[in-house]
Number of protein chains: 2
Amino acid sequence: MKKLKMSNLQIVAAGYFLVVLTGTLLLMLPVATVDGADTSLLDALFTAVSASCVTGLVVQDTGTHWTLFGQLVILALIQIGGLGFMTISLSFLMLTRKKIGLRHREVMVESINSSQIGGVVRLTRKILIVTAVVEGIGALLLSLRFVPQYGTAKGLYFGVFHSISAFCNAGFDLMGNYDSIVAYSADPLVNFTLMGLITIGGLGFLVWEDLWQKKWRLHRLRLQSKIVLSASFLLTVGGGLVLLLLEANNLNVGMDSGERILTALFQSCTARTAGFNSVDPAAMTGGSKLVMMTLMFIGGSPGSTAGGIKTTTIVVILMYTLAGIRHERSANIFGRSLGDDELHKAVYVFFVNLLFVLCGTTVICALQNLQLTDVLFEAFSAMGTVGITTGITRDLIPASQLVIIFLMYCGRVGSISFAVALMERKATPPVTMPSERINIG
Amino acid sequence: MKKLKMSNLQIVAAGYFLVVLTGTLLLMLPVATVDGADTSLLDALFTAVSASCVTGLVVQDTGTHWTLFGQLVILALIQIGGLGFMTISLSFLMLTRKKIGLRHREVMVESINSSQIGGVVRLTRKILIVTAVVEGIGALLLSLRFVPQYGTAKGLYFGVFHSISAFCNAGFDLMGNYDSIVAYSADPLVNFTLMGLITIGGLGFLVWEDLWQKKWRLHRLRLQSKIVLSASFLLTVGGGLVLLLLEANNLNVGMDSGERILTALFQSCTARTAGFNSVDPAAMTGGSKLVMMTLMFIGGSPGSTAGGIKTTTIVVILMYTLAGIRHERSANIFGRSLGDDELHKAVYVFFVNLLFVLCGTTVICALQNLQLTDVLFEAFSAMGTVGITTGITRDLIPASQLVIIFLMYCGRVGSISFAVALMERKATPPVTMPSERINIG
Ligand SMILES: [K+]
Ligand SMILES: [K+]
């Protein structure tokens with residue numbers, strides 16, 4: 001009987017697979033594609049995976065290739081993928097916490113448990129309400145710009161589409177010509193609205209709930225919230241500052257200082273895994289591309305719509321690295337010590353993601369002759385479900401497209417599996433082996 | 001009084017600094033440079049750092065720019081750098097082990113201690129004898145090829161120079177035109193002799209002593225030796241196999257199958273941090289460059305002449321990653337469990353190295369307009385003290401050269417510091433902070 005029982009991860013993976021399958025079939029209907037254009041099975045699959053995994057890499061331009069029906073299918077996949085992901089991973093995080101709490105009662109005081117949240121059903125209702133409100137406000141703000149430009153119907157539709165796409169960190173756009181929001185690179189309204197939506201979605205529900213419960217008194221927040229907020233702030237502002245410097249003699253030539261700061265901040269914000277872009281990534285300097293890849297790899301925060309290895313993962317790793325530099329045995333942050341369990345998990349998440357990116361890149365490089373930087377950028381983008389590209393997505397041969405599809409799927413489902421992993425962790429190894437010391441480094 | 005006392009690391013760093021300084025001054029003497037050529041302070045410094053840190057990156061061709069005197073200075077720096085490094089790091093490893101042993105008596109049984117080795121003086125004597133014998137045999141074998149080609153005197157000199165350069169994992173060559181040993185790419189004698197020397201030097205003294213003491217009965221070896229030997233074998237053969245596949249339609253076109261296998265194996269072997277090359281790295285496919293960068297980053301084994309983060313570091317990380325995938329709490333290998341202390345150190349070593357490479361690359365990209373892949377390759381090469389380049393070393397502006405010099409120095413001195421770090425580690429943190437759980441991934 002045991003063999004027939006699916007693990008939590010298998011259920012999630014199967015669920016995503018069903019969503020992808022449905023999306024692919026709907027996108028293959030003639031009504032989804034504009035007259036004269038052709039959608040192959042692979043293109044439909046690629047689009048469905050990209051949408052439901054809220055990645056945003058596309059082989060067919062969303063605004064011009066698909067009909068309104070096709071675009072609504074994509075929007076539905078984004079909403080299901082983004083919300084479903086957040087709800088599912090949050091539910092697992094709750095259950096994990098509960099299970100941990102039962103084992104380590106001393107740390108339960110500060111940790112959320114499922115009775116506090118009020119169960120998965122109440123959680124889901126809360127998430128749905130917050131999502132509707134935030135996406136609604138975002139759509140209204142964006143419409144202020146789009147309605148005068150495109151007329152009422154199209155302007156409102158554009159507002160709703162891009163608001164959902166931003167909140168879910170999907171990065172799909174309707175601007176046409178694979179251009180993302182480059183046309184609005186100097187527009188504060190569009191930029192700040194999108195950045196707000198991306199940040200709210202990417203910080204994750206738990207952080208906002210904590211902020212709400214503690215009435216915005218930052219020093220009283222849970223450790224998790226403090227780490228997420230400070231890491232997100234430092235990454236966005238620090239990343240923006242570095243991009244500002246690196247593009248000073250390149251992309252920024254001809255921009256006024258306001259536009260320079262706006263584009264730098266927007267690119268830094270969107271790299272952590274929203275996937276819009278207001279400048280052409282292919283035109284960036286090598287240094288900026290490296291910074292973007294790093295930001296894409298790190299991604300957002302646990303229990304959010306964002307992808308990547310997550311801010312908490314990189315903070316745990318950097319804190320342990322800092323402890324090593326200081327010759328200290330324990331890694332501390334905000335007056336709390338981090339546990340070895342967290343380090344184990346951070347190492348696992350970091351290296352599984354890195355191995356997928358490195359293997360995916362090598363396979364694509366073996367399949368076709370492309371620049372290493374472009375392929376690496378594409379693989380980081382797919383694995384972190386980011387969606388920014390230097391433009392090679394459409395040059396990929398079918399086998400390479402399958403690699404990118406695989407990375408997008410693993411990047412998203414894998415993220416959930418990391419939450420599941422700790423939950424399903426064996427309490428004690430079947431056989432305890434004797435330990436033996438070795439030299440490192 | 002305490003402030004005046006230097007730490008072990010400071011002593012090592014100061015020692016390396018003195019060697020570099022002496023080397024730079026000697027290389028700046030007019031007698032070091034061939035008539036008509038010019039050696040700037042920066043070129044001399046670059047060469048002295050590259051030689052004493054056994055890296056092998058050069059801004060002036062070793063065979064044609066320097067006189068015999070200059071080449072002998074370089075050779076002396078290589079021998080001092082390689083041997084000194086091995087001796088110093090081994091001494092620290094011994095002392096570390098002893099200190100650990102006193103704290104954790106249960107793991108002392110299998111661990112070497114300094115009385116077993118017979119003190120640092122006896123250790124150094126042993127190392128000197130082994131080095132002389134191995135380098136002597138290597139020089140003889142290489143001379144079998146070089147004497148018929150260049151005559152007795154030059155042939156023997158070439159044999160000695162390249163034997164020392166290979167054993168010390170330095171990668172300096174006298175072939176001229178920055179060509180390394182490309183002319184001998186199909187020569188089994190030269191290739192296998194160099195690979196032998198590189199491997200012997202890169203496995204480290206402790207492994208050979210263990211093999212000797214256990215009379216080559218592999219199953220009785222210490223855990224460290226088992227890990228080092230199996231990782232080195234898998235990386236060399238696995239890396240070679242991947243390179244063979246990736247270059248099938250590129251560099252390997254026109255080669256017979258023997259030469260294909262030989263060049264693939266040689267490149268895989270030399271990337272882990274010897275730094276010779278028998279094919280042009282710039283002509284490799286993107287995938288091969290990525291594989292080479294990975295191999296360069298990993299490097300050789302602790303207590304050897306090689307650089308990089310070391311095989312044991314990557315094995316510990318991968319074993320913990322594997323444990324995560326299996327939902328297991330402890331990482332086991334060869335019937336032994338690895339400790340959290342080893343993981344702490346592996347994480348520290350990995351990320352300090354990675355951060356230096358990423359920051360160095362970003363700074364060089366900011367300073368001048370070069371391809372990201374080339375700069376990344378160069379930075380990995382410098383930090384791992386490898387010496388393979390896609391050819392941009394001579395295109396670097398002075399500020400970029402200083403970055404590479406900095407990375408080479410940190411890569412080498414840092415390696416020693418990692419051994420020191422554990423030794424000087426505080427047994428208990430000054431204040432134990434309460435722990436609080438966070439979500440990862
Ligand atoms: K995205
Ligand atoms: K080297």
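**Notes on the predicted model**

1. B:Lys310 is buried, with a relative accessible area of 2%. Keep in mind that this model is predicted. B:Lys310 sits in the loop between α12 and α13 (311-325) of chain B. Its phi is positive, at about 90 degrees, although B:Lys310 is not a glycine. Most residues other than glycine have a negative phi.

2. Now turn to B:Lys215. Phi of B:Lys215 is near 50 degrees, again a positive value in a residue other than glycine. B:Lys215 belongs to the loop between α9 (205-213) and α10 (223-246) of chain B. Is B:Lys215 buried or exposed? B:Lys215 is exposed, because its relative accessible area is 60% and the cut-off for exposed is over 50%. B:Lys310, by contrast, is buried at 2%.

3. Check one peptide bond in chain A. The bond from A:Arg272 to A:Thr273 is cis, with omega near 25 degrees. Most peptide bonds are trans. A:Thr273 lies in the loop between α11 (257-271) and α12 (286-298) of chain A. A:Thr273 also gives its O atom to the potassium ion (ligand 1). Look at the bond and the ion together.

4. Which protein atoms are the donors of the potassium ion (ligand 1)? They are the O atoms of A:Val54, A:Thr55, A:Asn169, A:Ala170, A:Thr273, A:Ala274, A:Thr385 and A:Val386. These donors lie 2.5 to 3.0 Å from the ion. Along the sequence, the donor residues follow the spacing V-T-x113-N-A-x102-T-A-x110-T-V. A:Asn169 counts as buried, because its relative accessibility is 0% and buried means under 20%. A:Ala170 counts as buried too, at 0% relative accessibility.

5. Chain B has a potassium ion as well, ligand 2. Its protein donors are the O atoms of B:Val54, B:Thr55, B:Asn169, B:Ala170, B:Thr273, B:Ala274, B:Thr385 and B:Val386. They lie 2.5 to 3.1 Å from the ion. The donor residues are spaced V-T-x113-N-A-x102-T-A-x110-T-V. One pair shows how distant parts of the chain are linked: B:Val54 and B:Ala274 are 220 residues apart. B:Val54 is in the loop between α2 (41-52) and α3 (62-65) of chain B. B:Ala274 is in the loop between α11 (257-271) and α12 (286-298) of chain B. Both B:Val54 and B:Ala274 are buried.

6. How many salt bridges does the structure hold over all chains? It holds six. One of them joins the side chains of A:Asp187 and A:Arg145, at 2.3 Å from N to O. A:Asp187 lies in the loop between α7 (152-167) and α8 (188-203) of chain A, and A:Arg145 in helix α6 (residues 119-150), so the bridge ties together parts that are 42 residues apart in sequence. A:Asp187 is buried, with a relative accessible area of 11%. A:Arg145 is partly exposed, at 30%.

7. Another salt bridge joins the side chains of A:Asp210 and A:Lys214. Its N to O distance is 2.8 Å. Both A:Asp210 and A:Lys214 are buried. In chain B, B:Asp210 forms a salt bridge with B:Lys214, and their closest N and O atoms are 2.9 Å apart. B:Asp210 counts as buried, at 2% relative accessibility. B:Lys214 is buried as well, with a relative accessible area of 16%.

8. A:Val133 is partly exposed, with a relative accessible area of 46%.

9. Finally, compare the model with the database record. An unreviewed UniProt entry lists several stretches of chain A under "transmembrane region", including residues 127-147, 305-325 and 346-370. Over residues 305-325, the model is 71% helix and 0% strand. The end C-alpha atoms of that span are 34 Å apart. Residues 346-370 are 88% helix and 0% strand. Their end C-alpha atoms lie 32 Å apart.

Methods. Residues are numbered from 1 along each chain as its sequence is written. Chains are lettered from A and ligands numbered from 1 in the order in which they are written. This is a predicted model: local features need pLDDT of at least 70, side-chain atom pairs count only at pLDDT 80 or more; totals for chains, interfaces and linings use all residues. Side-chain values use heavy atoms; hydrogens and water are left out. Donors are N, O and S atoms within 2.8 Å of the metal (3.2 Å for Na, K and Ca); water is not among the atoms, so sites may look incomplete. Helices (H or I, at least four residues) and strands (E, at least two) are DSSP runs, numbered from the N terminus. Buried means under 20% relative accessible area, exposed over 50%, partly exposed in between (1.4 Å probe, protein chains only). A salt bridge is a side-chain nitrogen of Lys or Arg within 4 Å of a carboxyl oxygen of Asp or Glu. UniProt positions are given in the numbering used here, feature names are shortened, and annotations may be inferred rather than shown by experiment.
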